[in-house]
Amino acid sequence: LSVEDTSDCRYSLIIDESDDDSIMRILKKEGLLDISTKSLFKLSNLEDNAEFEKLSLVSGVKFAAQQGSKVVLSQTDSVNESFYDLFNQHFRRITNRDGEESLFANIAVGGISRRSRVGSTFRVIVHVRASELPDLPAPFLNRFEKFRLSI
């Protein structure tokens, strides 16, 4: 497995023992996690424009997947099912005329699921609070390599 091709690695789930997302701030401050406005996707608890916010988040992750970027998802429970195939790494490999292989996964935007290209260097880190674990379905949790962090 090379650094360039991480498609065979499971994505990561950070279980944060704090209730104020302290672990995320510490990981960013220590340079262990690169969180920028382009790589962090988080839903607000505001009712206004909730559907638009969800669609924007899914579209942003879809774009990042195409680019082969690393993304961090936090408080995204309501849209996680949009990424069922992506999180399961259920990729379809398609070879073009030049012999180059591309990865594709279904990503749902709204009620429509479409095949989307996924760069081989794409990585997902999902952040959840430990207090939210009982509410998360076991099949969702089983998709990830889990890291429980506390301060």
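Trainee: In this predicted model, how many residues does α2 have, and what distance does α2 reach from its first C-alpha to its last?

Mentor: The model is predicted, and in it helix α2 covers residues 50-67, which gives the helix 18 residues. At 1.5 Å a residue a span of 26 Å is expected, and the distance from the first C-alpha of α2 to the last is close to that, at 26 Å.

Trainee: Within what arc do the buried residues of α2 fall when seen down its axis?

Mentor: The buried residues of α2 are Leu57, Val58, Gly60, Val61, Ala64 and Ala65, and their cover includes β2, β3, α3, β5 and β6 (112-118). On the other side of the helix, Glu51, Phe52 and Phe63 are exposed. Seen down the axis of α2, the buried residues line one face of the helix, because they fall within an arc of 160 degrees.

Trainee: Which residue forms a salt bridge with Lys54, and how far apart are the closest N and O atoms?

Mentor: An α-helix has 3.6 residues a turn, so residues three or four places apart point the same way. Lys54 is partly exposed at 24% relative accessibility, whereas Glu51 is exposed at 54%. The salt bridge joins Lys54 to Glu51, with the closest N and O atoms 3.6 Å apart.

Trainee: How many residues apart in sequence are the parts tied together by the pair of Arg143 and Glu81?

Mentor: The side chains of Arg143 and Glu81 meet in a salt bridge, at 4.0 Å from N to O. Arg143 lies in the loop between α4 (138-141) and β8 (144-149), and Glu81 in the loop between β3 (70-74) and α3 (84-88), so the pair ties together parts that are 62 residues apart in sequence.

Trainee: Is Arg143 buried or exposed?

Mentor: The cut-off for a buried residue is under 20% relative accessible area. Arg143 has a relative accessibility of 9%, and therefore counts as buried.

Trainee: Which residue in the turn of the β4 and β5 hairpin has a positive phi?

Mentor: Strands β4 (residues 92-95) and β5 (residues 101-109) pair in the antiparallel sense over four bridges, and Ile94 stands opposite Ser102 in β5. A salt bridge of 3.2 Å, N to O, brings together the side chains of Arg93 and Glu101. Five residues lie between the two strands of the hairpin, and the residue in the turn with a positive phi, about 85 degrees, is Gly99.

Technical notes: Residues numbered from 1 in each chain as written. Predicted model: local features only at pLDDT ≥ 70, side-chain atom pairs only at ≥ 80, totals over all residues. Heavy atoms only, no water. Buried < 20%, exposed > 50% of the residue type's maximum accessible area, 1.4 Å probe, protein only. Pairing = 2+ DSSP bridges. Expected span 1.5 Å × (residues − 1). Arc of directions from axis to C-beta. Contact = heavy atoms within 4.5 Å.
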